[in-house]
Amino acid sequence: MKILLVGASGTLGTAVRTALTDRGHDVVTVGRTKGDVVRDITDPEAVAGLYGQVTGLDAVVCAAGDAVFKPLGELAAADFAASFRGKALSQIELVRQGARHLPPHGSFTLISGILTHEPIPAGAAASAVNGAVEAFVRAAAIELPPQRINAVSPTIVAESVAAYGAFFPGMEPVPAARVAQAYVRSVEGRQTGQVYRVG
C-alpha cells in the first residue's frame with residue numbers, strides 16, 4: 001500500500017514508519033520541518049496542498065498532535081484552542097479532505113492517548129482533545145464506509161519517559177514499536193470505528 005504518515009520524524013512516527021516499511025508498504029513521510037513532504041497540517045490549506053501533491057494513496061496515518069499541559073486554573077481559552085487545533089482539528093481535516101482522495105478501500109488511522117480515560121494533573125486540555133478525536137472516529141465510521149477509520153490510544157512510550165515521565169506517575173510505559181503494531185493492525189485489518197488502546 002501507499003501510505004501517508006504524518007509525524008514521521010517523532011519517536012512514535014519513526015517506529016510506525018519502520019513497522020510499515022518492514023511489511024513492504026510504500027510510506028510517504030510528512031512533517032512540519034522535515035520529511036518527504038513538509039506541511040503543517042494545522043493549516044487546512046496546507047492539508048489541501050498535501051493531497052494535491054501526494055496522490056495514489058491507500059491509507060493515511062497520523063502519529064502527531066500537540067496539546068498544552070498546564071494546571072486547569074492556568075489554562076486560557078487560547079490554550080484549549082491551540083490544543084484542539086494541534087491534535088483534533090488537524091486530524092479531522094486530514095479525514096475530511098482525505099475522504100475525497102482515498103479509494104473505497106482506503107483507511108485513516110488517527111492518534112488519541114491514554115489521557116482520555118486516565119486523566120492527570122495539568123492534562124485537562126489533552127484529555128479533552130483526545131476524547132474529541134475518539135468521538136470523531138466513532139462518528140465518522142458510520143459515514144465513511146467502505147473507507148475505514150480507527151484511532152490508536154497509547155500510554156506513554158518508553159523512549160519518552162525521560163522527557164515526559166513525570167507527567168504520568170504510575171503508568172507503565174510501552175515501547176514505541178509495540179504501539180506501532182496497533183497502526184499495522186488498523187491499516188491492514190478490516191475493523192472500523194475502533195480505538196486500539198496500547199498500555
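Colleague: Which unit do strand 5, helix 4 and strand 6 make, and what is its handedness?

Modeller: Please bear in mind that this is a predicted model. Strand 5, helix 4 and strand 6 form a β-α-β unit, and it is right-handed. The two strands of the unit, strand 5 and strand 6, pair in the parallel sense over five bridges. One of the pairs joins Leu 110 to Ala 151 in strand 6.

Colleague: What is the strand order of the sheet?

Modeller: The order is 3-2-1-4-5-6-7, in an open sheet of seven strands with parallel pairing. Strand 3 and strand 7 are the edge strands, since each pairs on one side only.

Colleague: Are the two faces of strand 6 covered or open?

Modeller: The general idea is that side chains in a regular strand alternate between the two faces of the sheet. In strand 6, both faces are covered. Arg 148, Asn 150, Val 152 and Pro 154 are buried on one side, and Ile 149, Ala 151 and Ser 153 are buried on the other. Seven of the seven residues of strand 6 are buried, so the strand is largely enclosed by the rest of the structure.

Colleague: Which residues of the largest nonpolar core touch the most other members?

Modeller: In soluble globular proteins, nonpolar side chains tend to be buried together. Here the largest nonpolar core has 28 residues, and Leu 4, Tyr 51, Leu 94, Phe 108 and Ile 149 touch the most other members. Several elements supply at least two residues each, including strand 1, helix 2, helix 3 and strand 6. Helix 4 gives the most, with five residues. A second, separate core holds 25 residues, among them Ile 3, Leu 12, Ala 15 and Ala 19.

Colleague: With which residues is Ile 149 in contact, leaving aside its neighbours within four places in sequence?

Modeller: The contacts of Ile 149 include Val 95, Phe 108, Leu 110, Phe 136, Val 137 and Leu 144. Thr 192, Gly 193 and Gln 194 are also among them.

Colleague: Which residues of helix 2 are buried, and where do they lie around the helix?

Modeller: The buried residues of helix 2 (residues 44-53) are Ala 46, Val 47, Leu 50 and Tyr 51. Viewed down the helix axis, they fall within an arc of 140°, so they line one face of helix 2. These buried residues pack against several elements, including strand 1, strand 4, helix 3 and strand 5. The face turned away from the buried side carries the exposed residues Glu 45 and Gly 52.

Colleague: Which residue caps the N-terminal end of helix 2?

Modeller: The cap is Asp 43, with a side-chain oxygen 3.0 Å from the backbone nitrogen of Glu 45.

Key. Residues numbered from 1 in each chain as written. Predicted model: local features only at pLDDT ≥ 70, side-chain atom pairs only at ≥ 80, totals over all residues. Heavy atoms only, no water. Buried < 20%, exposed > 50% of the residue type's maximum accessible area, 1.4 Å probe, protein only. Helix = DSSP H or I, 4+ residues; strand = E, 2+ residues; numbered from the N terminus. Arc of directions from axis to C-beta. Contact = heavy atoms within 4.5 Å. Polar contact = N/O pair within 3.5 Å; in protein donor to acceptor, adjacent residues only side chain to side chain. Core = buried A, V, L, I, M, F, W, Y, C linked by side-chain atoms within 4.5 Å. Pairing = 2+ DSSP bridges. Right-handed = clockwise from strand over helix to strand, strands pointing away.
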